[in-house]
Amino acid sequence: MLAIPGPSRQNLGPIMSDLPLRSTIIGAGHYVPTKVVTNDDLAKLMTTSDEWIQQRSGIKERRFIEHDDIGASDLALPAAKMAIEHAGLQAKDIDAIIFATLSPDYNFPGSGVLLGNLLGLNGVPALDVRNQCSGFLYSLSVADAWVRAGVYKNVLIAGAEVHSTGIELADRGRDVAVLFGDGAGCAIVSRATDPNQGIKALRLHADGVGARDLMVEYPRSRRIPRITKELLDEGVHYPKMVGKQVFRWAVEKMPEVAQQVMDEAKLSVDDLDLFVPHQANMRINQMVGMKLNIPQEKIVHNIEKYGNTTAATIPLGLSEAWREGRCKRGSNILMAAFGAGYTWGGAVITL
Ligand code: UT7
């Protein structure tokens with residue numbers, strides 16, 4: 001006889017009047033490995049200098065995992081615990097996990113299931129998002145829709161990257177290798193209880209015309225075999241970037257989407273308490289701030305300390321700013337990101 005599944009929250013569906021108007025971020029957390037790698041440390045491995053790296057990117061140092069066998073899910077674990085505690089919840093209150101990363105522990109399965117297992121959330125759904133620098137905003141959009149539709153109540157978003165094992169720490173890879181660092185940031189998305197609170201605008205964009213401007217080309221499933229010894233010798237498994245082209249797009253698209261979400265949220269720059277941009281380059285964020293007339297003191301920069309931690313940058317920056325008292329409940333936060341794909345997005349949220 002066929003077993004008929006019992007009712008679940010999903011197949012019963014929510015009662016419309018119970019649905020929240022908005023979702024919001026109720027807690028954030030972050031974690032970075034303890035190993036500090038300075039620009040001078042990198043200059044011992046490749047032809048570069050502290051002066052070049054700081055001038056071009058604003059980066060002074062970054063964190064690398066301390067030893068072998070630490071994955072994105074391991075970095076996300078303490079960040080997730082911090083976010084859960086910050087939200088006043090316990091791990092068992094999490095209904096779904098979204099994990100944004102371009103450096104998952106394994107090719108498959110995704111890092112979300114690994115994090116769920118580490119948190120003891122066995123049976124809780126886990127979705128991996130592969131949208132690089134805008135991965136957190138894409139995840140936020142999914143979590144927002146889930147919460148507002150009544151599918152899940154408390155969604156844990158993790159953004160975590162282990163870049164240090166995937167960059168070429170030698171002259172050939174120096175243009176990319178000096179930019180990236182390891183780290184994690186997490187946020188808990190839940191129902192907004194105050195009518196003025198919550199995600200007020202969120203826009204996502206993508207344009208595959210730039211897909212080859214920032215990519216890791218191999219191993220690739222469209223080639224038989226996916227990788228060869230010769231290709232490995234050529235270094236095609238390391239990320240490659242047409243830096244100037246990505247820069248040009250970033251300084252155009254980030255202000256554009258930021259203005260779009262501020263208009264939709266009906267907020268002006270004066271209403272903003274904080275701008276948490278993706279951290280790819282200090283110069284990009286300063287230019288975006290100037291284009292939008294956002295005073296520098298309202299902009300979160302942590303690229304000096306951590307480099308580009310890709311999907312982790314926005315939740316990491318938000319978590320640090322929250323702890324430093326730069327934002328609190330009721331603060332109006334603007335977020336914007338641009339990166340590989342190309343993918344980009346923006347959000348306005350009242351905490
Ligand atoms: O988060 C994902 C999205 N990523 C971004 O948004 C990054 C966007 N791009 C950028 O931030 C900048 O383009 C970079 C920081 C990557 C590079 O800055 P740039 O001013 O565009 O420099 P460049 O690539 O034009 O390189 C200038 C010079 C070159 O030498 P020549 O050809 O002028 O002789 C490079 O070979 O600097 C050389 N160079 C380096 N020199 C010392 C490249 N990498 C290094 C290095 N150290 N690490």
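Is Asp69 buried or exposed? Asp69 is exposed, because its relative accessibility is 70%; here buried means under 20% relative accessible area, exposed over 50%, and partly exposed in between, with a 1.4 Å probe and protein chains only. This is a predicted model, in which local features need pLDDT of at least 70 and side-chain atom pairs count only at pLDDT 80 or more, while totals for chains, interfaces and linings use all residues. Residues are numbered from 1 along each chain as its sequence is written, and side-chain values use heavy atoms, with hydrogens and water left out.

Asp69 sits in the loop between strand E3 (61-64) and H4. Helices (H or I, at least four residues) and strands (E, at least two) are DSSP runs, numbered from the N terminus. The phi angle of Asp69 is near 70 degrees, a positive value in a residue other than glycine. Asn293 also has a positive phi, near 60 degrees, and is not a glycine. Asn293 belongs to the loop between H10 and helix H11 (303-306) and is exposed, with a relative accessible area of 62%.

Helix H4 covers residues 72-86 and contains Lys81. Lys81 is partly exposed, at 48% relative accessibility. In helix H10 (residues 282-292) lies Gln286, which is partly exposed with a relative accessible area of 32%. Leaving aside residues up to four places away in sequence, Gln286 touches Gln296 and His301, where contact means heavy atoms within 4.5 Å.

The interior can be followed from helix H6. H6 has 14 residues and reaches 20 Å from its first C-alpha to its last, close to the 20 Å expected at 1.5 Å a residue; the expected span is 1.5 Å times one less than the number of residues. Among the buried residues of H6 are Gly135, Phe136, Leu140, Ala143 and Val147. An α-helix has 3.6 residues a turn, so residues three or four places apart point the same way. After H6 comes Gly150, whose phi is positive, near 75 degrees.

The largest nonpolar core has 34 residues, of which Ile25, Phe136, Leu140, Ile333 and Met335 touch the most other members. Such a core is a set of buried Ala, Val, Leu, Ile, Met, Phe, Trp, Tyr and Cys residues joined through side-chain atoms within 4.5 Å. Helix H6 (residues 135-148) supplies the largest share of this core, six residues. Ile25 touches residues including Phe136, Leu140, Trp322 and Met335, with residues up to four places away in sequence not counted. A second, separate core of 29 residues includes Val246, Val257, Ile294 and Val348.

Strand E13 (residues 343-350) holds Thr350. Thr350 is buried, because its relative accessibility is 2%. Its side chain makes polar contacts with the side chain of Lys200 at 2.9 Å and with the side chain of Asn332 at 2.8 Å. A polar contact is a pair of N or O atoms within 3.5 Å; within protein, one must be able to donate a hydrogen and the other to accept it, and residues adjacent in sequence count only if both atoms are side-chain atoms.

Two cis peptide bonds lie in loops. One runs from Tyr218 to Pro219, with omega near -5 degrees, and Pro219 is in the loop between strand E9 (214-215) and helix H8 (229-234). Another runs from Gly341 to Tyr342, with omega near -10 degrees, and Tyr342 is in the loop between strand E12 (332-339) and E13.

The ligand is surrounded by 21 residues, the closest being Thr48, Arg56, Cys133, Asn281 and Asn308; a residue is counted as near if one of its heavy atoms lies within 4 Å. An N or O atom in the side chain of Arg56 is 2.9 Å from an oxygen atom of the ligand. A polar side-chain atom of His278 is 3.0 Å from an oxygen atom of the ligand. A polar backbone atom of Arg174 is 3.2 Å from a nitrogen atom of the ligand.

Cys133 is buried, at 7% relative accessibility. The structure holds zero disulfides, a disulfide being a pair of cysteine sulfur atoms within 2.5 Å. Cys327 is in no disulfide, and the nearest cysteine sulfur, that of Cys186, is 16 Å away. Cys327 is also buried, at 3% relative accessibility.
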